[in-house]
Amino acid sequence: MAQDRIPQQDRATAEGVEPDPDAQVVRTPREIRIVLSGLLIAMLLAMLDNMIVGTAMPTIVGDLGGVNHLSWVVTSYILATTASTPIWGKLGDLYGRKGIFMASIVIFLAGSALSGISQNMNELIGSRAIQGLGAGGLIVGVMSIMGALVPPRERGKYQGMFAAVMAVAMIGGPLVGGTITDHLNWHWIFFINLPLGALALVVIAITLHLPKRRSKAKIDYLGAALLTVGIVALVLVTTWGGQTYTWGSWQIAGTLALAAVALAGFFQVEQRVAQRGEEPVLPLHVFRDRNFSLVCGLGFVVGFVMFGAITFLPLYQQSVQGASATNSGLLLMPMMLGMLVVSLVVGQAVTRTGRYKIYPVVGTLVMTAGMLLLSQLDVHTTRTTSALFMVVLGAGMGFLMQITMLVAQNSVPLRDIGVASSSSTFFRSIGGSFGVSLFGALFSSRVTSTMAQRLGASGSQAVDGHAQLSPAMLGRLPAPVRDAYDHAVAGGVHSIFLWGALFSVAGIVVAVFLEEVPLRATPGAAAETAGAVQSAVAAEA
C-alpha cells in the first residue's frame with residue numbers, strides 16, 4: 001500500500017513520465033487576464049455559432065433548398081464536435097496546448113469561410129462538419145489552457161467570465177442571427193466568425209507563452225478511430241431516436257450495436273497500449289480516481305437534464321405565451337442571470353475557502369427544485385411566474401457548471417489536464433444529446449396524444465410528424481385547434497420537466513459521494529494532494 005500513497009506527480013516521475021512543462025511557468029494576474037481575453041473570444045465563437053445558425057435556418061433552406069437535409073446542418077456540426085473532443089484534449093497534452101489550440105481556431109475559421117460560400121446544402125453540411133471539428137478543439141483548448149495557467153484554488157476568480165460567455169451566446173445568438181439574416185444575408189452569419197477568430201489568433205499568439213514540448217509517443221490511431229466510430233454512432237442514436245426512426249427500429253438497434261462494439265474494442269486497445277508503455281488517446285487510469293469518475297457521471301446528468309429540458313422553454317413561451325421567436329434568446333435571460341450571479345459568488349467562495357463539495361450537492365438540489373417548479377407551467381402561467389421559476393433553475397446551474405470542470409481538472413496530474421477537460425466536456429455533451437433526444441420524443445408523444453384526446457383523430461393529424469408548429473402555422477389554426485395545441489404544449493413541457501426532476505435526483509446522489517479533496521494552490525503541484533488523499537482512501541478501504 002505504500003506505493004499507492006505516492007502523490008500522482010511523483011508517481012508520474014517514477015514511471016519515467018516528465019512533469020508537465022506548463023507547470024513551471026508562473027504568471028501575474030494581469031498576464032492571465034490578457035491571455036483570457038483571447039480564450040474568451042475563442043470560446044464565444046464555438047458557443048455562439050449554433051445559436052446564430054438556428055435563427056437563420058429557414059432563410060438558408062429557402063435559398064439553397066434541400067429541406068430534407070435540414071437537420072444535417074446541425075447534426076454534422078454536433079457529430080464532429082463531440083467525436084473530436086477527446087482527441088483534441090490528448091493532442092494538447094502530447095504536443096503542446098498553444099499550437100494545438102491555434103490549429104483548432106484555424107480549422108474552425110476555414111469551416112466558417114467554406115460555410116459562408118456554400119452554394120448547395122451538401123456543401124454546407126460538409127463545411128459545418130469542418131467547423132465542428134475545429135469547435136471541439138476550441139472548447140477543450142480553452143479549458144485545458146486555463147487549467148495550465150491558473151491553479152484550481154484561484155480559478156474561481158475567473159469562473160464567472162465563462163458563465164457570462166454562455167449567457168451572451170444563448171441570449172445574443174438569436175438576436176445577432178436574426179439581425180444579420182434580416183439586414184444582410186445568411187452568408188454573413190458565418191463570415192462574422194472570421195474577424196473574431198483572427199483577433200483571437202493574434203491575442204493568443206502574442207500573449208500566451210507556454211514551454212515548447214516534443215513528444216516521441218506514437219499516436220494511437222486505432223484507439224482514436226474506434227473512439228470516433230463509437231461516439232459518432234452514439235450521437236446518431238440520440239439524433240435519430242424517436243425522430244427520424246422509432247426507438248425499436250432496426251436502424252437504431254444496429255447503430256447502438258455498432259457503438260457498443262466500437263467502444264468495447266476501444267477499451268481493449270487502450271489497455272494494450274497502456275501495457276506497452278505508450279500513450280493511449282484516452283488514458284483509462286484517470287477513471288481510477290473516484291472524484292474524476294463521479295464528476296464525469298455528474299456532468300452527464302447535468303447535461304441530460306439541463307440541455308434536454310431548457311431546449312423546450314422557448315417553444316413553450318413562443319407557442320403558449322405568445323412571445324416573439326426573433327427575441328427567443330431574451331426569454332432565457334432570467335435563467336442566465338441566475339446562473340451568472342451564482343457562478344460568480346461560488347467562484348469567489350471557492351477561491352477564498354478552497355472547499356467545493358457543498359456546491360455540487362446544493363446545486364443538484366436547487367436544479368431539482370427548479371425542474372419541479374417548471375413542471376407546473378400551464379396555459380395560464382404568466383411570464384413573470386415562469387421567469388421566477390427559471391431563475392431557480394439558473395441558480396442550480398450556476399452551482400454546477402464550472403465546479404464539475406474544476407473537480408475533474410483537480411483530480412488528475414497536469415500532464416493529463418487536456419484529457420480531463422475533454423472528458424468532462426464529452427460526458428456533458430453526450431448527456432445533453434441523450435436528453436434532447438429522449439425529451440423530444442416524450443414531448444412529441446405527449447403533444448400528439450393530447451391533441452387526439454381533445455379533438456379526436458383530426459387533432460393528432462394536425463401535428464402529425466411535426467409536434468412543433470411554426471408561428472406562421474399557429475396563426476392559421478382555428479381557435480379550438482389552437483387552444484388544444486396550447487394545452488398539448490403545456491402538457492408536454494410538464495412531462496419533460498417532471499421527468500427532468502426525477503433524473504436530477506441521480507445527480508444529487510452522485511454529488512453526495514464526491515470527496516472533499518484540497519484544491520491545488522499552484523499550477524506545478526499537479527494533483528499531489530489529490531493523489532495522496534485518494535490513495536489513502538483506497539488503502540483504508
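This is a predicted model: local features need pLDDT of at least 70, side-chain atom pairs count only at pLDDT 80 or more; totals for chains, interfaces and linings use all residues.
**Overall fold.** I started with the contacts: of those in the protein with a separation of 6 or more, 83% join residues 24 or more positions apart. Next I looked up secondary structure and got 21 helices and 0 strands. For burial, I noted that 55% of the 541 residues count as buried.

**Cavities.** I searched the whole structure and found 2 cavities of 30 Å³ or more. Which residues line the second largest cavity? I wrote down W88, G89, G92, D93, R97, I100, F101, G137, V140, G141, S144 and G418. Then I checked which helices contribute: α3 (70–95), α4 (97–116) and α5 (121–149) each give at least two residues to this lining. Sorted by class, the lining comes out as 6 polar, 4 nonpolar and 2 charged residues.

**Helix pair α9/α17.** I moved on to α9 (residues 221–240) and α17 (residues 417–455). At what angle do α9 and α17 pack? I get about 25°, with the axes 8 Å apart. Angles under 35 degrees count as roughly parallel, so I logged α9 as roughly parallel to α17. On the α9 side of the contact I have I231, L234, V235, V237 and T238; α17 meets them with F426, I430, S433, F434 and S437. By class, I put the residues of this contact down as 7 nonpolar and 3 polar, with no charged ones.

Definitions and conventions
Residues are numbered from 1 along each chain as its sequence is written. Side-chain values use heavy atoms; hydrogens and water are left out. On a 1 Å grid over the protein atoms alone, a cavity is a set of points where a 1.4 Å probe fits but cannot get out, and a pocket is an open set with protein on both sides within 12 Å along at least five of seven lines; lining residues have an atom within 4 Å of a point. Grid points are joined across faces, edges and corners, and a volume is the space filled by probe spheres set on the points. Helices (H or I, at least four residues) and strands (E, at least two) are DSSP runs, numbered from the N terminus. Ala, Val, Leu, Ile, Met, Phe, Trp, Tyr, Cys and Pro count as nonpolar, Asp, Glu, Lys and Arg as charged, and the others, Gly among them, as polar. Axes are lines fitted to C-alpha atoms, for helices over the stretch in contact, and angles run from 0 to 180 degrees between N-to-C directions. Angles under 35 degrees count as roughly parallel, over 145 as roughly antiparallel, 65 to 115 as roughly perpendicular and the rest as oblique. Contact means heavy atoms within 4.5 Å. Buried means under 20% relative accessible area, exposed over 50%, partly exposed in between (1.4 Å probe, protein chains only).
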